[in-house]
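Here's a quick briefing for anyone meeting this structure for the first time. Have a look at the sequence and the model, then read on.

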Amino acid sequence: MRAIKRTDLPVAIEGGGVDFRADRAGDMSVAWVRLPAGADLRPGLVGLPGDLCPCPHWGYVISGRLRMHTKDGAQDFEGGQAFYWAAGHAPEALTDVEYVDISPTDELDRVIGHLTGDPA
């Protein structure tokens, strides 16, 4: 068993108010994400299949509001909600938002590599 604090996780992406920390746990990874109001990851996802994140995520929004864009429209999520985001989404922070998600490690590594320009 293991308890994890946000600061225990290594930084994967940082800058412009974005704080994305992630760590592997075998086939799955845990990520703790903070996005500032107005952060829109759609431009960074261009070049991935459908220009959207191809990695599924299960998690919990700790605080704030987030809009998840998909090819079929958008849905908003807010603090206090658990979620499942299927492959094919792109986040936009409507307010400062903080969430934790669990994702398949290999798929998450590819997305992080795309966003940072350091392909896995």
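Strand β4 (residues 57–63) runs antiparallel to β9, and 5 bridges join the two. Helices (H or I, at least four residues) and strands (E, at least two) are DSSP runs, numbered from the N terminus, and two strands pair if DSSP finds at least two bridges between them. Keep in mind that this is a predicted model, where local features need pLDDT of at least 70, side-chain atom pairs count only at pLDDT 80 or more, and totals for chains, interfaces and linings use all residues. Residues are numbered from 1 along each chain as its sequence is written, while side-chain values use heavy atoms, with hydrogens and water left out.

**The six-stranded sheet**

- Strands of a sheet pair through backbone hydrogen bonds, either parallel or antiparallel.
- Here, 6 strands make an open sheet with antiparallel pairing, in the order β1-β2-β3-β9-β4-β7.
- Its edge strands, each pairing on one side only, are β1 (11–15) and β7 (82–85).
- From one strand to the next, the twist averages 15 degrees; axes are lines fitted to C-alpha atoms (for helices over the stretch in contact), with angles from 0 to 180 degrees between N-to-C directions.
- Since 7 of its 8 residues are buried, β9 is largely enclosed by the rest of the structure; buried means under 20% relative accessible area, exposed over 50%, and partly exposed in between (1.4 Å probe, protein chains only).

**The three-stranded sheet**

- Another open sheet has 3 strands in the order β6-β5-β8, with antiparallel pairing.
- β6 (73–78) and β8 (90–93) are the edge strands, each pairing on one side only.
- Neighbouring strands of this sheet are turned by 25 degrees against each other on average, direction ignored.
- Strand β5 (residues 65–70) is joined to β8 by 4 bridges, and L66 stands opposite A93 there.

**The largest pocket**

- This pocket holds about 280 Å³ of space.
- On a 1 Å grid over the protein atoms alone, a cavity is a set of points where a 1.4 Å probe fits but cannot get out, whereas a pocket is an open set with protein on both sides within 12 Å along at least five of seven lines; lining residues have an atom within 4 Å of a point.
- Of the 20 lining residues, F20, L41, P91, V111 and L115 are the closest to the pocket's centre.
- Helix α2 gives the largest share of the lining, 5 residues.

**A buried aspartate**

- D109 lies in helix α2 and is buried, with a relative accessible area of 18%.
- D109 and A12 are 97 residues apart in sequence, yet 9.5 Å apart in space, C-alpha to C-alpha.

**The cysteines**

- How many disulfides does a search of the whole structure find? It finds 0, a disulfide being a pair of cysteine sulfur atoms within 2.5 Å.
- C53 is in no disulfide, and its nearest cysteine sulfur, that of C55, is 5.3 Å away.
- C53 is buried at 5% relative accessible area, and C55 is buried too, at 0%.

Conventions
Points joined across faces, edges and corners; volume = space filled by probe spheres on them.
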